[in-house]
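Biologist: I would like to learn how to read a protein model carefully, one feature after another. Could you take me through this one?

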Amino acid sequence: MNNNKIAITKIIKDDVKKAVFDALDLINAKILFTKMNMKILIKPNLLKPKSPKYAVTTHPDVFRAVVQWVKQFNPEKIITSDSSGTKKRGITDNSCKVSGIKAVCEEENVEWIPFEKTAREVYQVKNPLVLKEVPSSVLLHEVDLIINIPKIKTHGQCLLTCSIKNMFGTLVLELKSKTHKMFPNNLDFNCAIVDIYSVSQPQLTIIDGFYCQEGNGPSMGDVVKLDLILAGFDPVALDTTVCKIIDFNPGDVIHIIKAEQKGLGTTDLTKIDFLGENINSVKRKFKKPKLFEGFLPLPKRYNDFLEKIFIYSIIKFEKSKCKLCSVCWNNCPTKAITPPKKSKLGKTIPKWNRPNCIVCYCCAELCPHEAVDFKRNFIWSIFMKFRLSILEKIFNILYNLKRFLKIN
Ligand code: SF4
Ligand code: SF4
């Protein structure tokens, strides 16, 4: 199969269905329907219970359009599944409901089942970067075709969450926080994301670029109406394309680079056959997350050391917003957050134990009330404030040099 096609289509006057159908027809995605009565698994992004207006979860209109396109090929069954970010039972169901995806499933006769309610299977990772095994749902091998529908969002720890990062949701509930704990280093964590992706390897990806998040994504960012759909078969090329559209350097998104090294796709867009719109005609610069820690262009041991000194984030809980709901301390992978001794709404806040914190940003990502904020270490703040662009250029040169010399 020719997997080097990427379609970019514009959503005009909110006609999402046309943009999705056009994109899938342009790449001739129907060739994936190779037999009768196929079982299809659709994986949206259901990070947490948020209504579509916050652009945290896959938009229900995009999901509906994909389902309607799939139905043309008379599959035996369409199943949709995901697992939300926290380990609370019932949270994924609630995310599905609040996001509007559940209503679409009911209306379109799609079976909805959270990954945590399916039987589990331990998958062996081929050529592992850091993870030899990935426990996940049996659905990943029981279906004939997996369709990934990520949303374009910035991400405090990984810079971008899109095609590759979306499959982190195939880990059920508490396994996500365990993975954060297992890989406190950002480089290792990004490698784990790639290993997890490699287990499912969706054959088709349709990117929801309808409403996106810039700045402090993936859950507290500013909403951007980008009005785009991207479709393709190569997740690395798709995420690289998204970086170009939103003016990020793909080399700063560690999991994109590691996925290419693992053979999951290419960052070389000259090898890609673009259909529909071209990148330059749809560019829209996105604000980066203020939390994003640049990947320093040095060998790992120096990198870790310097990151700790120069780029340390400090967590702030906002008293006026915090509802003492327990989500942050129940989901912190390293128990770096504990409840206040006395629970008084508007007066007390959770306690942060800095030495235990691995700066995974899960607390900020999962807080239902946007009460968690991060501040940078003083030295790094000055660097960011004065935007010493010359230093940024040196930084980029060193980074590219490091890639060229393949220093790890
Ligand atoms: S900071 Fe957020 S998650 Fe933590 S207790 Fe307060 S409201 Fe809940
Ligand atoms: S305190 Fe927040 S950022 Fe630190 S380890 Fe816990 S969840 Fe992650």
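**Reading the model step by step**

Modeller: Let us begin with ligand 2, which has 14 residues around it, the closest being C332, A336, C357, C360 and C363; a residue counts as near a molecule if its C-beta atom, placed from the backbone, lies within 6 Å of it. This is a predicted model, in which local features need pLDDT of at least 70 and side-chain atom pairs count only at pLDDT 80 or more, while totals for chains, interfaces and linings use all residues. Residues are numbered from 1 along each chain as its sequence is written, and chains are lettered from A and ligands numbered from 1 in the order in which they are written.

Biologist: How many residues of each class are in the shell around ligand 2?

Modeller: The classes are nonpolar (Ala, Val, Leu, Ile, Met, Phe, Trp, Tyr, Cys and Pro), charged (Asp, Glu, Lys and Arg) and polar (the others, Gly among them). The shell around ligand 2 holds 13 nonpolar residues, 1 polar residue and no charged ones. Ligand 1 is surrounded by 13 residues, with C322, C325, V327, C328 and C367 the closest, and that shell divides into 10 nonpolar, 2 polar and 1 charged.

Biologist: How many helices and strands does the protein chain have?

Modeller: Helices (H or I, at least four residues) and strands (E, at least two) are DSSP runs, numbered from the N terminus. In the protein chain there are 14 helices and 16 strands.

Biologist: How should I describe two helices that pack together?

Modeller: Two packed helices are described by the angle between their axes and the distance between the axes. Here the axes are lines fitted to C-alpha atoms, for helices over the stretch in contact, and angles run from 0 to 180 degrees between N-to-C directions. Helix α1 (residues 16–26) packs on helix α2 (residues 60–71) at an angle of about 50 degrees, and their axes are 9 Å apart. α1 and α2 are therefore oblique to each other, given that angles under 35 degrees count as roughly parallel, over 145 as roughly antiparallel, 65 to 115 as roughly perpendicular and the rest as oblique. On the α1 side the contact is made by V16, K17, V20, F21 and L24, and on the α2 side by D61, V62, A65, V66, Q68 and W69, where contact asks for C-beta atoms, placed from the backbone, within 7 Å. By class, this contact of α1 with α2 has 8 nonpolar, 1 polar and 2 charged residues.

Biologist: Which residues of α9 are buried?

Modeller: A residue is buried if 20 or more other C-beta atoms lie within 10 Å of its own, exposed if 12 or fewer, and partly exposed in between, with C-beta atoms placed from the backbone. Helix α9 (residues 254–261) is mostly covered, with 6 of its 8 residues buried, namely I254, H255, I256, K258, A259 and E260. The cover over these buried residues includes α7 (186–200) and α8 (235–245).

Biologist: What should I look for in the backbone itself?

Modeller: Most residues other than glycine have a negative phi, and most peptide bonds are trans. S326, although not a glycine, has a positive phi of about 85 degrees, and S326 is partly exposed, with 13 other C-beta atoms within 10 Å. V359 is not a glycine either and has a positive phi of about 55 degrees, but V359 counts as buried, with 21 C-beta neighbours inside 10 Å. Finally, G217 and P218 are joined by a cis peptide bond with omega of about 15 degrees, and P218 is in the loop between β10 (204–214) and β11 (222–232).

Methods:
Two residues are in contact if their C-beta atoms, placed from the backbone, lie within 7 Å.
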